[in-house]
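User: I'd like to go through this structure with you, starting with the ligand and then moving on to a few backbone details. Could you keep the definitions with the answers?

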Amino acid sequence: MSDLDRRAEEARIREENRLPPGQSLTLKFPVLHVGPVPPFTPATWDFRIWGEVEEEKSWTWDEFQYLPRTQILMDIHCVTTWSKADTLWEGVSLKAMLDAELIKLKPNVTHVMQHAEYGYTTNLPLDVVLQESFLLATHFDGKPLTPEHGYPLRGVVGHIPAKAGELESPYFWKGAKWLRSLEFMNADRLGYWERGAYHNRADVWKEERFR
Ligand SMILES: Nc1nc2c(c(=O)[nH]1)N[C@H]1C(S)=C(S)[C@@H](COP(=O)(O)O)O[C@H]1N2
Ligand SMILES: [Mo]
């Protein structure tokens, strides 16, 4: 794809009011993270939920395959100013897990911390992780995630154009690659970048990049 193609696509996305302020469109899929790519060991991998839940639970990699699955198409917006349109994700919706009572929250839950390998964390309000634009993703574009994009499991949050104005759309750092657990909390706590200079809410339309 040439830069001409990119510009044409960017003009179209902007025309559709899908390009937040200060962003430019990429047709690539940049890789961004701190530290090395962790190895995946299926025999010992688990995904846990803990904190303000009625019952702590964990799923092995095999068990995780049997959870209800969904696909979502959304635009993703990185705080470093690249955006990518129409990205297709497949995985498990947290809302669906709650609806199926696979997870039972205590009534006081307000926020959720994603915990990833090597200690990366990121926090979001409960409302936002229950939106259809948040997914525990195993697949991108019909294929398993690649190691550098978070294999085997990552949180993803983006923007669904048809739901503009209805759902919160945080920057893409609010999805943890190599996700290993969700901690349900009764108050907000800051994650890795949020403790740095990054904005806590991180709304792409309000350009909430830094505090
Ligand atoms: N575990 C982990 N997840 C992470 C990060 C990280 O450093 N570690 N970086 C975040 C940031 S800043 C971005 S922009 C996205 C990048 O995802 P990508 O590499 O798939 O584009 O991952 C997010 N998730
Ligand atoms: Mo980022």
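User: How do the residues of the shell around ligand 1 divide into nonpolar, polar and charged?

Analyst: The shell divides into 14 nonpolar, three polar and two charged residues, where Ala, Val, Leu, Ile, Met, Phe, Trp, Tyr, Cys and Pro count as nonpolar, Asp, Glu, Lys and Arg as charged, and the others, Gly among them, as polar. This is a predicted model, in which local features need pLDDT of at least 70 and side-chain atom pairs count only at pLDDT 80 or more, while totals for chains, interfaces and linings use all residues. Residues are numbered from 1 along each chain as its sequence is written, chains are lettered from A and ligands numbered from 1 in the order in which they are written, and side-chain values use heavy atoms, with hydrogens and water left out.

User: Which residues come nearest?

Analyst: Of the 19 residues around ligand 1, those that come nearest are P30, H149, R154, G175 and K177; a residue is near if one of its heavy atoms lies within 4 Å of the molecule.

User: Switching topic, where is T122, and is it buried or exposed?

Analyst: T122 is in strand 7, residues 121-125, strands being DSSP runs of E with at least two residues, numbered from the N terminus. T122 counts as buried because its relative accessibility is 0%, with buried meaning under 20%, exposed over 50% and partly exposed in between (1.4 Å probe, protein chains only).

User: What about E55?

Analyst: E55 lies in the loop between strand 2 (46-51) and strand 3 (57-60), and is exposed, with a relative accessible area of 52%. E55 and L105 are 50 residues apart in sequence and 8.3 Å apart in space, C-alpha to C-alpha.

User: Which peptide bond is cis?

Analyst: The bond from Y151 to P152 is cis, with omega near 10°. Most peptide bonds are trans, and most residues other than glycine have a negative phi. D86, which is not a glycine, has a positive phi of about 55°.

Methods:
Helix = DSSP H or I, 4+ residues; strand = E, 2+ residues; numbered from the N terminus.
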